[in-house]
Amino acid sequence: MNTEDAIRTRRTLKVRVDPEHPLPVIKGDEFMKTMEELIELGAQAPFHYESAESQRSGSLQGIEPWRFHALDGDSCRKVLDAFNQNKPQKAPDGIKQMLAAADGLILGTWLPERTRKLSKKFHPNLKNMEHIAATGAAIQNILLAATARGLNAYWSSGGILRKPKVLQFLGIPEHEILLGAIFLFPDEIPESAQTKTGKHAESRGKISDYSDWIKM
Ligand SMILES: Cc1cc2nc3c(=O)[nH]c(=O)nc-3n(C[C@H](O)[C@H](O)[C@H](O)COP(=O)(O)O)c2cc1C
């Protein structure tokens, strides 16, 4: 698939199944390799500023402003098991239904500049804005690469996955800010599953609605 086709055909697809009857995990190491390829392609996105050195954690010492934490299908089901037992906290049905269907989940976070105000996770300054922009570009690359591979994907804000208790449960440093929970769903969707497209999928306007020429 060429770039333009990937851009034009990429569309959100959410797949949900009964959290008491999750789909069997059939994709193994090969799919983990695919997920790593997607992340590596994601990270070809442009970025302007390096992440603050003091905000880099553990073995993830890259200068990039983003971090990607990946869960394979098996780990998605383990998180679902925990949520089914209300651990680390009660979760809404929607996220459980998607964890019951997903082949994988990529959590894309960005590293804010260090802030002295503990009440604020980040300052609305230029550097942070550009860290978010770069991470958004990396997530879009992942979606396009997924589309090119025929994978169904959904960029979610994360909902309950954003909660400090849940991030801690997943081992994600608490100063990292979740920008996208990218669900990867099976390409062959079983009859037991419900599917839903993105709510704005059909509401894009014409170019003249959001773009103009500056004539000097
Ligand atoms: C930053 C970001 C966060 C999003 N979060 C959600 C979300 O939490 N729930 C949701 O239903 N869709 C979410 N979406 C997906 C949009 O609803 C979807 O992209 C939009 O409806 C357009 O549909 P399309 O992706 O098929 O073009 C998010 C998209 C972006 C860019």
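A polar contact is a pair of N or O atoms within 3.5 Å; within protein, one must be able to donate a hydrogen and the other to accept it, and residues adjacent in sequence count only if both atoms are side-chain atoms.

## Basis of the model

The model is predicted: local features need pLDDT of at least 70 and side-chain atom pairs count only at pLDDT 80 or more, while totals for chains, interfaces and linings use all residues. Residues are numbered from 1 along each chain as its sequence is written, and side-chain values use heavy atoms, with hydrogens and water left out.

## Ligand surroundings

A polar side-chain atom of Tyr154 lies 2.8 Å from a ligand nitrogen atom. The side chain of Ser157 places an N or O atom 2.9 Å from a nitrogen atom of the ligand. For Arg10, the distance from a side-chain N or O atom to a ligand oxygen atom is 2.8 Å.

## The sheet

Helices (H or I, at least four residues) and strands (E, at least two) are DSSP runs, numbered from the N terminus. Two strands pair if DSSP finds at least two bridges between them. An open sheet is formed by four strands in the order E2-E3-E5-E4, with antiparallel pairing. Strand E2 (66-72) and strand E4 (152-156) are the edge strands, each pairing on one side only. From one strand to the next, the twist averages 20° (axes are lines fitted to C-alpha atoms, for helices over the stretch in contact, and angles run from 0 to 180 degrees between N-to-C directions).

E4 is joined to strand E5 (residues 177-185) by five bridges, and the two run antiparallel. Ser156 has Ala181 in E5 as its bridge partner. Helix H5 (residues 126-148) packs on the sheet and touches E2, E3, E4 and E5 (contact means heavy atoms within 4.5 Å). The direction of H5 makes about 5° with that of E5.

## Helix H3

Helix H3 (residues 73-84) lies across E2 and strand E3 (104-110), at about 85° to E2. Its buried residues (under 20% relative accessible area, against over 50% for exposed and in between for partly exposed; 1.4 Å probe, protein chains only) are Gly73, Cys76, Arg77, Val79, Leu80, Ala82 and Phe83. Their cover includes E2, helix H4 (93-99), E3 and helix H6 (164-170). After H3 comes Asn86, with a positive phi near 60°.

## Thr34 in helix H2

Thr34 belongs to helix H2 (residues 29-42). Thr34 counts as buried because its relative accessibility is 18%. Neighbours within four places in sequence aside, Thr34 is in contact with Arg149 and Leu151.
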